Amino acid sequence: MVDLYNDYSEKKGTIKNIKLEGYTDATNTSSYNKTLSDLRVKSVSDYLIKLGVSEDILIEKGLGENKSTTENNSKQLNRRVVITFIYK
């Protein structure tokens, strides 16, 4: 996260938004996983705001178990938040 923040600080003027997408594995119900992915994204968002990133540029989306990273639905690889810089 520190490297991400440093990258943000260096490119601050060229960044339009930061998209945060949260995922889970398929262990629980879809409803539970959606809530869990929302909480995962919120945790990252709160941390970035604490570091000084403006919440106005953050786009948060919890996607539950959708868009699995692996065909065998690896639990560890699917429990993640993907952070994408969107430039002006």
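R79 forms a salt bridge with D25 (a side-chain nitrogen of Lys or Arg within 4 Å of a carboxyl oxygen of Asp or Glu), and their closest N and O atoms are 2.6 Å apart. R79 sits in the loop between α3 (75-78) and β3, and D25 in the loop between β1 and α2, so the pair ties together parts that are 54 residues apart in sequence. Helices (H or I, at least four residues) and strands (E, at least two) are DSSP runs, numbered from the N terminus. D25 is buried, with a relative accessible area of 4%, while R79 is partly exposed at 44%; buried means under 20% relative accessible area, exposed over 50%, and partly exposed in between (1.4 Å probe, protein chains only).

This is a predicted model, in which local features need pLDDT of at least 70 and side-chain atom pairs count only at pLDDT 80 or more, whereas totals for chains, interfaces and linings use all residues. Residues are numbered from 1 along each chain as its sequence is written, and side-chain values use heavy atoms, with hydrogens and water left out.

A search of the whole structure finds four salt bridges, including those tabulated here.

| Pair | N to O distance | Relative accessible area |
|---|---|---|
| R79, D25 | 2.6 Å | R79 44%, D25 4% |
| D38, K34 | 2.8 Å | D38 33%, K34 37% |
| K19, E21 | 4.0 Å | K19 28%, E21 12% |

D38 and K34 both belong to helix α2, four residues apart, about one turn of the helix.

E21 lies in strand β1 and is buried. Its side chain also makes a polar contact with the side chain of Y23 at 3.4 Å; such a contact is a pair of N or O atoms within 3.5 Å, where within protein one must be able to donate a hydrogen and the other to accept it, and residues adjacent in sequence count only if both atoms are side-chain atoms. Beyond its neighbours within four places in sequence, E21 is in contact (heavy atoms within 4.5 Å) with V41, K61, L63, R80, V81 and V82.

The open sheet has three strands in the order β2-β1-β3, with mixed pairing; two strands pair if DSSP finds at least two bridges between them. The edge strands are β2 (58-62) and β3 (80-87), each pairing on one side only. β1 and β2 run parallel and are joined by five bridges, and L20 has E60 as its bridge partner in β2.
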